[in-house]
Amino acid sequence: MINFWSYKKEYYKLKKEILFKVDKNLSKGDIFFGNELINFEKNFIKKYKSDYGIAVGSGTDALLISLKALNLKKGDEVITAANTAIPTISAIINSGAIPRLVDVGEDYLIDPLKIEKAINKKTKVIIPVHLYGQACDMDKIKKISNKYKLIIIEDCAQAQGAKYKNKFVGNFGHFGCFSFYPTKILGTYGDGGFITTKRIEHYKKIKRLRFYGIETVNKKSKYFNKYYANENGLNSRLDEIQSTILNIKIKKIDNYISKRIKLAKIYLNHLKNTKIVLPITNKFNKHVYHLFTIRHPKRNKIVEILKKKKIQTRIVYPYAINKMIAYKKFCKYNGSLRNSESFSKSILSLPLYPELKESEIKIICNVLKKI
Ligand SMILES: Cc1ncc(COP(=O)(O)O)c(C=O)c1O
C-alpha cells in the first residue's frame, strides 16, 4: 500500500524526544501558556521573519480571529478564491461577513484581475489563499489593496515556508494565517494555528481574542486581571503538548521542505511527456508542495486504476465553494467561476510527504505513464 499521507515514520524518529519533553513539561505543571508556547511563538517569527506572532487553536481560528480583529460590520464583504478549503469560508461567515468568490487561474490561485472586478462599496478584505504550497501574485494583490484601501489576510495554511520574490508568505498582508493540522508542512499531532501581523495594536487585540477577550499583554492596565474581559473573545489556545511537538519539528522544517521539493521534481520529470497536466510554479515563487496536484479529464478512472494498485490519492477539493449547499445562499459572486468548477472535476492530488520513498513515487509514475 502506498499511503496518501502518514505521520508514523516521522513520529517513530521523533518519539523519544517528544515523549521526554512532553513528560518533563507536564510533570512541571505546564499545560497552557508555558515556556513551550512562548518559545514557539519566538521561533516561528524568527524563522519566517515576521514582526509579531500569536499561536492559536487551529488554522480556522487564525482566520476567524484575524477577521474579528477588524470589527467588520454586517454586510461587509470579503473576497476569496472559489476553490479554497471550507474553513476559509466558514471563518468569513462566522465573523459576520459575506464571502465574495472569485475564480482562479491555471495555477489554482486567485486571479488578481478578477479580484478588482469583484470589488464594491462593501468590500473590506481580500483573502488570497496560497493553495497547494504556492504563493498568489502578491505584487498585484497588494497594488489592488492599496488602491482600494483593503485589508489583506493571507491564508497560508497550505504554504508555510513558501516564498514570493524571496519573501516568506505571511508577511505580505496585514495578517498571515497558518495551520498546524497534522498533514500540513509543519504539522503537529493535533490541532494548531498561527497568526503573523505587522502592527502592535493588532497583536494585542489578537492576544485578547484568543483568550476570552482578557487583557494579557498590558500588565500595567488597570484591567489586567485573569477574570476580567475587555471584549468578547474566543477560547483558542495552543497547548503545551502541541507547542512542544512544534518546537521540535520547526527545527527540521527546511529539511522537510527540501524533501518535498525533491520528490515533486521526480514526479515532474517522470510525467512530463504524458497527457497529465502538471502543477506549474510561477516566476518569483518558491513552491513548497503541500500537495502535488495534477489534472486529467479521466480523473475518476485514474483514481480507480491507482486504487487497484493500492495507491491512495485524494481530491482536494471535489467541490467549488459555490456548489455546496451550506454556502449557496451565503456566498456572492459576479462573473463565472468556470476554472474552479471545472478543475474540481479533473484535479487529483498524488501522495507527497517527506517520508515517502523516491521508489514509491517511481511506482506511481510507472502506473500513470501507461494511462
Ligand atoms: C486553505 C486552508 N485554510 C484554512 C485551513 C484550516 O486549518 P485548520 O484545519 O488548522 O483549522 C485549511 C486546513 O485544511 C486550509 O487548507
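Biologist: Why is Y108 called buried?

Modeller: Y108 has a relative accessible area of 5%. Buried means under 20% relative accessible area, exposed over 50% and partly exposed in between, with a 1.4 Å probe and protein chains only. Y108 is therefore buried. This is a predicted model, in which local features need pLDDT of at least 70, side-chain atom pairs count only at pLDDT 80 or more, and totals for chains, interfaces and linings use all residues. Residues are numbered from 1 along each chain as its sequence is written, and side-chain values use heavy atoms, with hydrogens and water left out.

Biologist: What makes the pair of Y108 and F343 edge-to-face?

Modeller: Rings of Phe, Tyr and Trp (its six-membered ring) pair if their centres lie within 6.5 Å; planes under 30 degrees apart count as stacked, over 60 as edge-to-face and the rest as tilted. The ring centres of Y108 and F343 are 5.3 Å apart and their planes stand at 70 degrees, so the pair is edge-to-face. The pair joins distant parts of the chain, 235 residues apart: Y108 is in the loop between β3 (98–102) and α5 (112–118), and F343 is in helix α12 (residues 338–346). Helices (H or I, at least four residues) and strands (E, at least two) are DSSP runs, numbered from the N terminus.

Biologist: Is F343 buried or exposed?

Modeller: F343 counts as buried, because its relative accessibility is 6%. S344, also found in helix α12, is buried at 6% relative accessibility.

Biologist: With which residues is S344 in contact, leaving aside its neighbours within four places in sequence?

Modeller: They are R299, I315, Y317, P318, Y319 and A320. Contact means heavy atoms within 4.5 Å.

Biologist: How many aromatic pairs does the structure hold?

Modeller: The structure holds 22 aromatic pairs. One of them, Y7 with Y189, is tilted, at 5.3 Å centre to centre and 40 degrees between the planes. This pair links the segment before α1 (8–28), where Y7 lies, to the loop between β8 (175–179) and β9 (193–197), which holds Y189; the two are 182 residues apart. Ring pairs also link F40, F44, Y48, F168, F178, F180 and F194 into a cluster.

Biologist: Why is Y7 called partly exposed?

Modeller: The relative accessible area of Y7 is 34%, so Y7 is partly exposed. Y189 is partly exposed as well, because its value is 23%.

Biologist: What makes L268 partly exposed?

Modeller: L268 counts as partly exposed because its relative accessibility is 22%. L268 is placed in helix α9 (residues 253–271). Its contacts, leaving aside neighbours within four places in sequence, are L278, P279, Y289 and F292.

Biologist: How do you know that K165 lies over the face of F284?

Modeller: A charge sits over a ring if NZ of Lys or CZ of Arg is within 6 Å of the ring centre and within 35 degrees of the ring normal. K165 lies over the face of F284 at 4.4 Å from the ring centre, and K167 over that of F172 at 4.9 Å.

Biologist: In what order do the three strands of the open sheet lie?

Modeller: The order is β7-β6-β10, with antiparallel pairing. The edge strands, each pairing on one side only, are β7 (167–168) and β10 (285–286). Two strands pair if DSSP finds at least two bridges between them. Strand β6 (residues 163–164) and β7 have two bridges, in the antiparallel sense. K167 in β7 is the bridge partner of Y164.
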